[in-house]
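Visitor: I am new to this structure and would like to learn how to read it. Please show it to me and take the features in turn.

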Amino acid sequence: MAVVNSVTEAAPVSVDSISCAVADSFAHWRTLVSQSFVPLEVRRQSRTFHGTLRSRVLDELSIVEVTANGHQVVRTPSLIAASTRQYFKLNLQLTGTGLLVQDNREATLRPGDLAVYDTNRPYTLEFEEDFRTLVLMFPHDVLDLPADSVGQLTAVRLPGDAGLGRLISPFMVQLAENLDVLSGASGHRLAYNAVDLIATMFESELNLRRDPVAGAHGDLLGRIRSYVDGHLGDPELCPASIAAAHFISTRHLHNVFHEADSTVASWIRSRRLEHCRRDLRDPILSDRSVGTIAARWGFVDAAHFSRIFRTAFGETPSTYRRA
């Protein structure tokens, strides 16, 4: 089995057209794969090889349809050490069969199945025969879930014919077949909406897998978090108003969050910041000022918002938006 290494980091770049690349040699394929995703060690199954990549890149989000002969890709510790950006990759198997291995788990993927993996940890993805798959690659911080939570789902088969997979798998298939419509501001928003749907599916899977939190407190915490998300734009949102809405004392409210290793204030702040960050990178909202976006999510003091945004993300809202 031939092995080819690539060690050059190739982060996605912003384009507004479909890129189609065809490789008739395995050496060419190795280059295309590492340029389209992250550096990978690539091993082929046969002496002849043919592969095609159709891709659309929006900011740092890549949607790539892969059609190729059987081969194996490996993300090694040395390649990870040379990388500077952390991504998740979601695979939707379209034809053929794939085997994903990460975090001591294995997932056999058949048409319609989905699976997520983390480019910041070693993984192996193998296709024994001809296949077609759709890969959605996005930075950790785009997903509205903690990376360690998503880590519980790596190399876990998410069937396309059960649960939320019955909705999301067909949607992803349509993305693969309509890459041409993912252009401009509307395409940008649609692509990130796909990430939101995926986050919803992940959260549903995590809820099914996690142990109940202190009996009724687990359900209560979920209701409170949903309430907070629905009232983030209210500048008067605070522990007292949240507790009153759920007919509990503020002390009880703080205890519920303490059991989840969090605080009410930090949860509200983090959720508001995430919504602001998403709006700042939305081209449809480019005509709105930073202050207007901040106020939309409950930050009435623009200077205060700028300070905590910089503390959380390492740059000011204006700098983040320009980048």
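Guide: Start with terms for helices. Axes are lines fitted to C-alpha atoms, for helices over the stretch in contact, and angles run from 0 to 180 degrees between N-to-C directions. Helices (H or I, at least four residues) and strands (E, at least two) are DSSP runs, numbered from the N terminus. This is a predicted model, in which local features need pLDDT of at least 70 and side-chain atom pairs count only at pLDDT 80 or more, while totals for chains, interfaces and linings use all residues. Residues are numbered from 1 along each chain as its sequence is written, and side-chain values use heavy atoms, with hydrogens and water left out.

Visitor: At what angle do helix H9 and helix H11 pack?

Guide: Two packed helices are described by the angle between their axes and the distance between the axes. Here, helix H9 (residues 264–280) packs against helix H11 (residues 302–313) at an angle of about 90°, and their axes are 11 Å apart. Angles under 35 degrees count as roughly parallel, over 145 as roughly antiparallel, 65 to 115 as roughly perpendicular and the rest as oblique. H9 and H11 are therefore roughly perpendicular to each other.

Visitor: Which residues in H9 and H11 meet?

Guide: Contact means heavy atoms within 4.5 Å. From H9 come Arg269, Leu273, Glu274, Cys276, Arg277 and Leu280, and they meet Phe305, Ile308, Phe309, Ala312 and Phe313 in H11. The residues of this contact divide into 8 nonpolar, no polar and 3 charged. In that count, Ala, Val, Leu, Ile, Met, Phe, Trp, Tyr, Cys and Pro are nonpolar, Asp, Glu, Lys and Arg are charged, and the others, Gly among them, are polar.

Visitor: What does UniProt list for residues 222–323?

Guide: An unreviewed UniProt entry lists "domain: HTH araC/xylS-type" there. UniProt positions are given in the numbering used here, feature names are shortened, and annotations may be inferred rather than shown by experiment. In the model, residues 222–323 are 67% helix and 0% strand, with the end C-alpha atoms 35 Å apart.

Visitor: Which residues touch the most other members of the largest nonpolar core?

Guide: In soluble globular proteins, nonpolar side chains tend to be buried together. A nonpolar core is a set of buried Ala, Val, Leu, Ile, Met, Phe, Trp, Tyr and Cys residues joined through side-chain atoms within 4.5 Å. Buried means under 20% relative accessible area, exposed over 50%, and partly exposed in between (1.4 Å probe, protein chains only). The largest core has 34 residues, and Leu136, Leu143, Met172 and Phe202 touch the most other members. At least two residues of this core come from each of strands S5 (61–68), S7 (87–95), S10 (114–118) and S12 (131–139) and helices H4 (165–177) and H5 (184–209). H5 gives the most, with 9 residues. Leaving aside neighbours within four places in sequence, Met172 is in contact with Leu90, Leu92, Leu114, Leu134, Leu136 and Ile198. Apart from this core lies another, of 29 residues, among them Ala21, Val38, Val73 and Tyr123.

Visitor: Is Ala199 buried or exposed?

Guide: Ala199, in helix H5, counts as buried, at 9% relative accessibility. Its contacts, leaving aside neighbours within four places in sequence, are Leu143 and Leu145. Ala199 and Asp144 are 55 residues apart in sequence, yet 6.4 Å apart in space, C-alpha to C-alpha.

Visitor: How does Arg132 count by relative accessibility, and what does Arg132 contact?

Guide: Arg132 lies in strand S12 and counts as partly exposed, at 24% relative accessibility. Beyond neighbours within four places in sequence, Arg132 is in contact with Glu65, Val66, Thr67, Gln93, Leu94 and Thr95. The C-alpha atoms of Arg132 and Glu65 are separated by 7.2 Å, although the two residues are 67 apart along the chain.

Visitor: Where is Asn104, and what is the phi of Asn104?

Guide: Asn104 sits in the loop between strand S8 (98–102) and strand S9 (105–109). Its phi is near 60°, a positive value in a residue other than glycine. Asn104 is exposed, with a relative accessible area of 85%. Asp261, in the loop between helix H8 (250–259) and H9, also has a positive phi, near 55°, and counts as exposed at 75% relative accessibility.
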